[in-house]
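Please read them with the coordinates open beside you.

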Amino acid sequence: MAESITLAQLYKNLKLALRNYQTDTPELEARIMIEERAKLGWSDIVAYPDKVIASDIHAQILHDLDVRLQGRPLSRIYGIREFWGLPFVINDETLDPRPDTELIVELALQRLDKSTGGHILDLGTGSGCILISLLHEFQNMDGLGVDLSPKAIEAALQNAERNNCKNRARFICGSWFESVTGKFDLIVSNPPYIANHVIPTLSTDVREFDPILALDGGDDGLQPYKIIFSQIKNFLSPNGIALFEIGYDQKDDVTRLVEDSGLALRGVHIDWAGNPRVVEISCGDK
Ligand SMILES: C[S@@+](CC[C@H](N)C(=O)[O-])C[C@H]1O[C@@H](n2cnc3c(N)ncnc32)[C@H](O)[C@@H]1O
């Protein structure tokens, strides 16, 4: 049984253990663990360093630390991940949302007026993080999220409720455009884009904890783009735009597919690490 401990000492111990394990953000992870179990934030750590954490809570946190040090990401321990400043529940059939993907939301904000109405389609919605963040920003728009995984749809529905956009979000289980009807002003997608032979080489936290359906882009990593680009003109409004996340090394292949499909390439956008990350497409002339 763990003993009681002061908040400052607990924070220090967690940081040290996480740093020794070489996590990228030991301070942030230590804070998340304290927040999840002790319900105390950064301001409490600063203002009340001598606050005593009861032994049962200390024991829970030490157990979480143990699981974390065996390789499980914190988001998979607590089943929650922040994206675009909003909380998203995740489960074993949803991708753990990545900060890089927020670039799609940023670009949509640059392209569309916040007051405009219209319809958004999110293909491969997973936890619903992209669609729900967009609906949070564009209060006059509504949206449809599609995913092949029924459990991902369950998570997306919970997240729409949690983030107060349930009345403007619909979700359907199906393959890409298969069950979709209508035209959309904005189509977004972060499809699976890892070539299947590359999957065994991915880091443990991705390979072991993200679902294969969210990763596997077929033999060349391009299969979902090929399917989607071949049909997108039937679903994108004449003035609509589409934003697709791509892998860091897929710029040439994906832009070639865009051009081969008779779509107009409006731009390739770079993420915070300097990698090409989002392609912007419209139906217009090439
Ligand atoms: C890379 S994940 C992206 C999830 C989420 N949009 C995000 O950015 O975190 C790709 C998603 O596509 C879904 N998916 C895979 N094949 C699909 C298909 N044929 N039709 C619809 N969704 C599919 C997966 O289940 C997964 O949720």
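1. Let me start with Leu123, whose bridge partner in β8 is Ser189. Strand β8 covers residues 184–189 and pairs with β5 in the parallel sense, over four bridges. Pairing here asks for at least two DSSP bridges between the strands. Helices (H or I, at least four residues) and strands (E, at least two) are DSSP runs, numbered from the N terminus.

2. A word on the source before going further: this is a predicted model, in which local features need pLDDT of at least 70 and side-chain atom pairs count only at pLDDT 80 or more, while totals for chains, interfaces and linings use all residues. Residues are numbered from 1 along each chain as its sequence is written.

3. Leu123 also has a partner in β6, namely Val146. Strands β5 (residues 118–123) and β6 (residues 141–147) run parallel and are joined by six bridges. Between β5 and β6 the chain passes through helix α7 (residues 129–137), making a right-handed β-α-β crossover. The hand is called right when, with the strands pointing away from the viewer, the path from the first strand over the helix to the second runs clockwise.

4. Which sense do β10 and β11 take, parallel or antiparallel? Strand β10 (residues 264–270) and strand β11 (residues 276–282) run antiparallel, with six bridges between them. One of the pairs to look at is Ala264 with Ser282 in β11. Five residues lie between the strands of this hairpin, and Gly274 takes a positive phi near 90° there.

5. Two other backbone angles deserve a look. Most residues other than glycine have a negative phi. Lys39, in the loop between α2 (26–38) and α3 (42–47), has a positive phi near 55°. Trp84 is not a glycine either, and its phi is positive at about 50°; Trp84 sits in the loop between β3 (80–83) and β4.

6. Are Lys39 and Trp84 buried or exposed? Lys39 is exposed, because 9 other C-beta atoms lie within 10 Å. Trp84 is buried, because 20 other C-beta atoms lie within 10 Å. The scale calls a residue buried at 20 or more other C-beta atoms within 10 Å of its own, exposed at 12 or fewer, and partly exposed in between, with C-beta atoms placed from the backbone.

7. Leu95 belongs to the loop between β4 (86–89) and α6 (102–111). Leu95 is buried, since 23 other C-beta atoms fall within 10 Å. Setting aside neighbours within four places in sequence, Leu95 is in contact (C-beta atoms, placed from the backbone, within 7 Å) with Gly126, Asp210 and Ala214. Thr125 is 30 residues from Leu95 along the chain, and their C-alpha atoms are separated by 9.5 Å.

8. Now the whole chain. There are twelve helices and eleven strands, and the C-alpha trace spans about 65 × 40 × 35 Å along its principal axes. Buried residues make up 37% of the 286 residues.

9. Finally, the domains, with bounds from an automatic or database domain assignment: domain 1 is 5–70 and domain 2 is 80–282. Their centres, taken over C-alpha atoms, are separated by 34 Å.

Technical notes
Two residues are in contact if their C-beta atoms, placed from the backbone, lie within 7 Å.
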